[in-house]
Structures are given as C-alpha cells and as structure tokens.
Amino acid sequence: MIEARHLRVLRAVAGTGSFSAAARELGCTQPAVSQQMKALEQSAGTPLLIRTGREMRLTQAGEALVRHAAGILAGLTAAEEEVAAIAGLRAGRVRLVSFPSGSSTLVPTALAAMRAEHPGTRISLVEAEPPRSVEMLREGDCDLALAFRYGGADHSAAEWDDLVVRPLLTDRLVGLVPEGHRLAGAERVGMAELADDPWIAGCPRCRRHLVDVCEGAGFTPRIDFATDDYPAVVGLVGAGLGVAVLPELAVESVRAKGVSTVSVEPAVEREVVALTLPDLARVPAVAATLAELERAAAR
C-alpha cells in the first residue's frame, strides 16, 4: 500500500534533487528520508529513483507517481480538512499564494475579514507571479492562488480547465509618464505616441504583453529597465527615466510621486481570478477565503 507520507517524501526528493535537501525541507533526518523511499519502492514494486553522482533522477515509474502525487495529496488534505470542520475539531488552514499587487490590495481586506469571521482558521501567504503560482497550486504547494491573465495570445482557453476559477475583477492598465512629460495631463494617449520613449517594464508576463501591445501599435518598445518591483517601476518613471504601463491595482498600492497617470489606447485589461483545485474548493476554510476575496474585489 502506498502511504501519503511516502508520497510527500518522494515529491520533496524530486523537487530538491537529493535526500539531504529533502530532509531539510521536510524537517527530518536524511536516514529517515532514505528509509521512507525504500518503503515506497517496496510498495510500488519497482525502482523510483536513480542516483547520478550527488543528484537523484526519477525513473519513469517515479515520474508517473510524482505526477499523481499532487492530486492525491490535495484530495487527502481536502478530506481531512472537511471532516475536521464538520466534526468541529478545527476551523482549518489555507495556504494562499498571490501576485504582489494582489497581496497589497485584495488580500489584506480578505484576510482581515477572515480573521474576524473565522478566527480559528490559519492562513499563510507567499508571493509568486503566474504561471509559477498556478504551478504551485497544481503541485500541491498551496490551496488557493490569486492569479491573472491577459487576453489574446496570453490567454489559452484550456489554460485553467482543470481548476476551479473564481473571477474577481477586470484590471485595466494605465500609462505612467513623468510629471514633466509632454503627454502628462492628457486625457487619453495612444500607445503609438510613446513609441520614441524609453520604457520601464514589469514582471515577465507583463513584459511580454507590453511588447505584444506595442507591436500591435506599430513599434517595438525600447526597454531600458525591467523590474518585478512595482514601486521601483514608479520610482524610475518619477525620476524621468522612461514611461510604463501598469495595472490599476499596482498603481493603487504605490505612492506615485513625480508621476502622471494617463489612460492608454487601445485599452489593455487583465482578468484577475482566484484559483483552486476541485477537491479543495469543498474545504470550508478555502470556500470562505474565496468568498472574502470576492467581497474584497467588489469594494
């Protein structure tokens, strides 16, 4: 019989590449990891790992088991949490991952409401941009992911087909120019009007979309600076080093000193959603957090 604790060890070894690193991640000893891997291979009836120097490589059987492990562990966690909540043993836990501008706008309101309404629920937060945050959800490293996607080439119809998708809001991108810029104060600005300006780009997904939008307007942006840190983008624009487009959520969370915001055409929007796995959506604590995120987005 394959045990859940053995699957967790296998995922840790696969993710870290060694018994010692897996032991550090799991908070146990290397011999304990080795012993549990031997037990798992005995249960599976076939080798799951091959040693290559100091690294561990998965066999075909190991890859198959790791692929199924995330869903198995997520389903088991969901069952444990739901039964515990029904039995009144505990209110549950939620591991939330969010992109930075969501963390500073939607998440605080939702988590404050959760603490007030469900004080026994334990919620943790880490930050990651999509698609990494979505990978973390599928791999069982979180229960709920706040994510976004743009339309057009960035939007695959089947991208989230295996997930529960809860739409939260549509986030429009706005242009940022220095206060002394020739277009500062303009009611609307066409992207082509910024073709000769140096650009400051944001996260990798936003960066790719920026290039697509600019090329659609007939030019390739000259990106002088690129940073995942939204306050840094605003600071660079405010210092007169270039122009940028950022989601309204990001601008809302930053003090835009020395910067003028303008509406850009064509309008560029991204869809902000909360994602979870079907099994986890039935867990009371996850369902409650989803509901609070929806309320926060509606304000």
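Modeller: What follows is a set of questions about the labels, each answered by setting a value against its definition.

Modeller: This is a predicted model, in which local features need pLDDT of at least 70 and side-chain atom pairs count only at pLDDT 80 or more, while totals for chains, interfaces and linings use all residues. Residues are numbered from 1 along each chain as its sequence is written, and side-chain values use heavy atoms, with hydrogens and water left out.

Colleague: Why does Thr 59 count as buried?

Modeller: Buried means under 20% relative accessible area, exposed means over 50%, and partly exposed is in between, with a 1.4 Å probe and protein chains only. Thr 59 has 13% relative accessibility, and therefore it counts as buried. Thr 59 sits in the loop between strand S2 (55-58) and helix H4 (60-87), where helices (H or I, at least four residues) and strands (E, at least two) are DSSP runs, numbered from the N terminus. Apart from neighbours within four places in sequence, Thr 59 is in contact with Pro 47, Leu 48, Leu 49 and Ile 50, contact meaning heavy atoms within 4.5 Å.

Colleague: Why is Asp 212 called partly exposed?

Modeller: The relative accessible area of Asp 212 is 42%, so this residue is partly exposed. Asp 212 belongs to helix H7.

Colleague: What makes strand S5 mostly covered?

Modeller: Seven of the seven residues of S5 (residues 144-150) are buried. Leu 144, Leu 146, Phe 148 and Tyr 150 point one way from S5, while Ala 145, Ala 147 and Arg 149 point the other way.

Colleague: How do you know which strands pair with S5, and in what sense?

Modeller: Two strands pair if DSSP finds at least two bridges between them. Strand S3 (residues 93-98) is joined to S5 by three bridges and the two run parallel, with Leu 96 having Leu 144 as its bridge partner in S5. Strand S12 (residues 269-276) pairs with S5 in the antiparallel sense over six bridges, and there Ala 145 stands opposite Leu 275.

Colleague: How are the residues of the two linings divided by class?

Modeller: Ala, Val, Leu, Ile, Met, Phe, Trp, Tyr, Cys and Pro count as nonpolar, Asp, Glu, Lys and Arg as charged, and the others, Gly among them, as polar. The lining of the largest cavity divides into 13 nonpolar, two polar and one charged. The second largest cavity, with about 30 Å³ of space, has three nonpolar, one polar and three charged residues in its lining; among them are Thr 77, Glu 81 and Leu 280.

Note on methods:
On a 1 Å grid over the protein atoms alone, a cavity is a set of points where a 1.4 Å probe fits but cannot get out, and a pocket is an open set with protein on both sides within 12 Å along at least five of seven lines; lining residues have an atom within 4 Å of a point. Grid points are joined across faces, edges and corners, and a volume is the space filled by probe spheres set on the points.
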